[in-house]
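Subject: The structure you asked about

Hi there,

Here is the structure for you to open alongside this note. Have a look at it first, and then read on for what turned up.

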Amino acid sequence: MQQIINFILKYKNFLLYVLLMIIALTFTIRAQSYHNSKFFNSANWLTGNLYESTNNVSTFFSLGIENKKLVEENKRLRYQLFNQKKEVVEVEQLDSTQIDYEVFSGQIIKNSYSLPRNYITLNKGSSDGLEIDMGVITADGILGIIEHTSKNFSLVQSILNVRSRINAKIKNTNHYGSLTWDTKDYRTAQLKDIERLVPLNIGDTIVTGASSSIFPENIPIGVIENFEITTSQSSYHIDVRLFNDMTTVKNVYIIKNTNRKEIIELESKIRND
Amino acid sequence: MTSNSTFIIVIRFILLILVQVLVFNNLNFFGYINPMVYILFLYWYPIKDQRFFFILLSFLLGLMVDWFSDTMAIHAAATVTIAYLRPAVMRFCFGANLEFQNFRITNATQAQQIAFLTILIILHHLVFFTLEIFSFGNTLLILKKVLFTSMATILLSILLKTLFSVKKQ
């Protein structure tokens, strides 16, 4: 017994180091799988409030640019609305039991794009109605998916994250693939699993696909910048230039698919049978 | 350790975290270089202090930076590693000088000080980027990131170190 205690005392620094290293590695490796970094993210009271208060100062200087962006977006939406062929449904007539998507607004208080796993923190949380697995977009294109929410803040897994997989397709066709990121450049993401028989052109637009229960169909992502056939010769590897400038995004929209719960239940039923 | 130096260490701990997460994490030189100046905490920490407590404190420092930057616990792992290796690095850099009772880092030559800081930073970045990228096994990318980020960190750390150095009496 005495020897054991002596041993521990003699090597206490080394043992402490090993213990702390194991703790750190466990945190890191466990966070690799989805939805595991529950307590360990910047969407909490302390970090959220700190980021929000510093953000209040820094947004002040970009108000002009943000205003211009919002006006541009409004202009585009008006244009679409006035030129719509179908009879436009009046806003008052929208029945809350019949809508498919709810939209929330939010602001980015912490952005990151230089790591392999980038996360973005928003200033809205569960008390504003946000939940896990809602899609986040900007006026230009998609941004990511909510991975955690606290009371007043939420953490978004950016599309610039090696774990991000988003269902995407080539606009006006039905050829689907999944959008990933290879960490090399924050301006381009990679689209995989598009069959090699599909005719492609540089400059084709990529939008979100219909088989996602998170995003509505046809939300813009980017344009094809480059493509080549993979070594296995069966599918394309496509570089997509993103519409969003991930370095300057500020105001975002959060989309809730009201049917998602039902879809998930249905899918899990099929899997269980 | 006097209460005065404890106070300085606490202030330094908080300020370095704030400066790191609010300023240096958002620099993004060339798209990906973010210098990690909070390593200066380990450089400035008193030499003759309780090592056990020092390792624990360094782990906490790394963990706080992780918490703010959503990087799991890789800052913590890298920081605790250099905290554990610090005495060995100091023996390597300062040699016999370390045995003197009133030796301080500010007594060493400028070259020795910079060597000590450089080794700490490179060790830290090696562990950090290996852990950050380990799922793809891309050695060249790791070395590239270590090289460029180390250069930025060393440069800024020396700048901060000179700016906030305690004047000799």
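Let me start with the charged pairs. Please keep in mind that this is a predicted model. Over all chains, a search of the whole structure gives 10 salt bridges. Side chains of opposite charge can pair when their charged atoms come close.

One of these joins the side chains of A:Lys169 and A:Glu217, with 2.6 Å from N to O. This pair links distant parts of the chain, its two residues being 48 apart. A:Lys169 sits in strand S6 (residues 166-170) of chain A, while A:Glu217 belongs to the loop between strand S9 (205-208) and strand S10 (220-229) of chain A.

How many salt bridges cross the interface of chain B and chain A? The rule finds one there. B:Asp70 and A:Lys110 form a salt bridge through their side chains, at 2.7 Å from N to O.

On the chain B side, the elements that give two or more residues to the contact with chain A are helix H1 (3-22), helix H3 (51-69), helix H4 (74-94) and helix H5 (110-133) of chain B. H3(B) brings the largest share of that side, 10 residues. By type, the chain B side divides into 21 nonpolar, eight polar and five charged residues.

Now for the extent of the interface. Chain B puts 34 residues into the contact and chain A puts in 38 residues. Together the two chains bury about 3300 Å², and 71% of this is on carbon and sulfur atoms. Within chain B, the residues that lose the most area to chain A are B:Trp67, B:Asp70 and B:Met72, which together account for 24% of what that side buries.

Finally, chain A has a nonpolar patch on the surface, with about 1100 Å² of accessible area together; its residues include A:Met1, A:Phe7, A:Tyr11 and A:Leu15. Helix H1 (2-10) and helix H2 (12-30) of chain A each supply at least two residues of the patch. The largest share, five residues, comes from H1(A), whereas A:Leu15 lies in helix H2 of chain A.

Best wishes

Technical notes:
Residues numbered from 1 in each chain as written. Chains lettered and ligands numbered in written order. Predicted model: local features only at pLDDT ≥ 70, side-chain atom pairs only at ≥ 80, totals over all residues. Heavy atoms only, no water. Contact = heavy atoms within 4.5 Å. Buried area = accessible area lost by both parts, 1.4 Å probe. Salt bridge = Lys/Arg side-chain N within 4 Å of Asp/Glu carboxyl O. Helix = DSSP H or I, 4+ residues; strand = E, 2+ residues; numbered from the N terminus. Nonpolar A, V, L, I, M, F, W, Y, C, P; charged D, E, K, R; others polar. Patch = residues over 30% accessible without salt bridge, like charges linked within 9 Å, V, L, I, M, F, W, Y side chains within 5 Å. Areas by Shrake-Rupley, 256 points an atom, 1.4 Å probe, with all protein chains shown as cover.
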